[in-house]
Amino acid sequence: MTKRRVLLVTGGGRGIGAAVVRLAAARGWDVAFTYAGNRARAAETEAAAVAAGASVLALQADVADPAAVAASFAAIDARFGRLDALVNNAGVTGPKGTLAETPEAVWELVLRTNVIGLVTCCKEALKRLPQGGAIVNVSSRASVFGGPGEWIHYAASKGAVDTLTIGLSKEAAAQGVRVNAVNPGLIETELHAAAGMPDRVARMSVGVPLGRGGSAEEVAEPVLWLLSDAASYITGALVPVGGGR
Ligand code: NAP
């Protein structure tokens, strides 16, 4: 069994998840992470975390597929023999569209990935954390704004993440597991282009009190803090990381 604490990050190949993987490695964690299909970007993230001194396990696994999630946790058991924390980061927006334009299939994909996939990971993690630990869910400020004209389906999925963070924090406290969320605002990643809005962060930054979009690293910092013993009395918190917006 490894002596370093072990963290699982879902969707850790690129973007915010990759920044969490890199920072965790630098802060002394061993790290397992999943990705959907971009093996090249996952390999880059893996190499950076190894260079920072971590033992790293990169796993291709769709978070919406319960069998793939179960296999990922089994691989972590085999490789590390322990798990100390989970960051539920994997998430998709689906395409831009009003509620009237958005087909049920998009709702199903987004809810299955962002909500049910996250629930599956929480259940698997809780089985491995009988002596305590920490879970951080990567939600979104969209849960408060509602995503009108862009993605109500995505915003509603993050509303579910906020609510289940509060509920699970109260259930899991009995086994010493803290459950918190970060709610990022406009963060410079490839997520916006994937939804068909490559200029979204630049266009909307004027409405951010701090006057700019944020970086993935600026989200990774509060995630690592919430995972750490420095946040030992914090559970059920939803931490906005949106530059004031
Ligand atoms: P991103 O740049 O699109 O990266 C997403 C990562 O998640 C990739 O590594 C991707 O894998 C992986 N992933 C996607 N679907 C997956 C699935 N079904 N199973 C496993 N892994 C999957 O996104 P991001 O901007 O970093 O977003 C990360 C999280 O932050 C999401 O939950 C998102 O909702 C949230 N968030 C983002 C922003 C923002 O402005 N960027 C704001 C608020 C909240 P591949 O690399 O293999 O494709």
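Modeller: A polar contact is taken here as a pair of N or O atoms within 3.5 Å. The model is predicted, and in it a polar side-chain atom of His192 lies 3.1 Å from an oxygen atom of the ligand. Asp62 also places a polar side-chain atom by the ligand, 2.9 Å from a nitrogen atom. With Gly37 the backbone is involved instead: one of its N or O atoms is 2.7 Å from a ligand oxygen atom. On its own the ligand has 900 Å² of accessible area, of which the protein covers 93%.

The ligand takes up the space of the largest pocket. Helix H1 (15–26), helix H6 (152–172) and helix H7 (191–194) are the elements that each give two or more residues to the shell around it. In total, 30 residues surround the ligand, and the closest are Gly37, Asn38, Asn89, Tyr154 and Thr189. Sorted by class, this shell holds 13 nonpolar, 13 polar and four charged residues.

Key. Residues numbered from 1 in each chain as written. Predicted model: local features only at pLDDT ≥ 70, side-chain atom pairs only at ≥ 80, totals over all residues. Heavy atoms only, no water. Near = heavy atom within 4 Å. Polar contact = N/O pair within 3.5 Å; in protein donor to acceptor, adjacent residues only side chain to side chain. Areas by Shrake-Rupley, 256 points an atom, 1.4 Å probe, with all protein chains shown as cover. 1 Å grid on protein atoms, 1.4 Å probe; cavity = no way out; pocket = protein on both sides within 12 Å on 5 of 7 lines; lining within 4 Å. Sits in = over half its atoms within 2 Å of the grid points. Helix = DSSP H or I, 4+ residues; strand = E, 2+ residues; numbered from the N terminus. Nonpolar A, V, L, I, M, F, W, Y, C, P; charged D, E, K, R; others polar.
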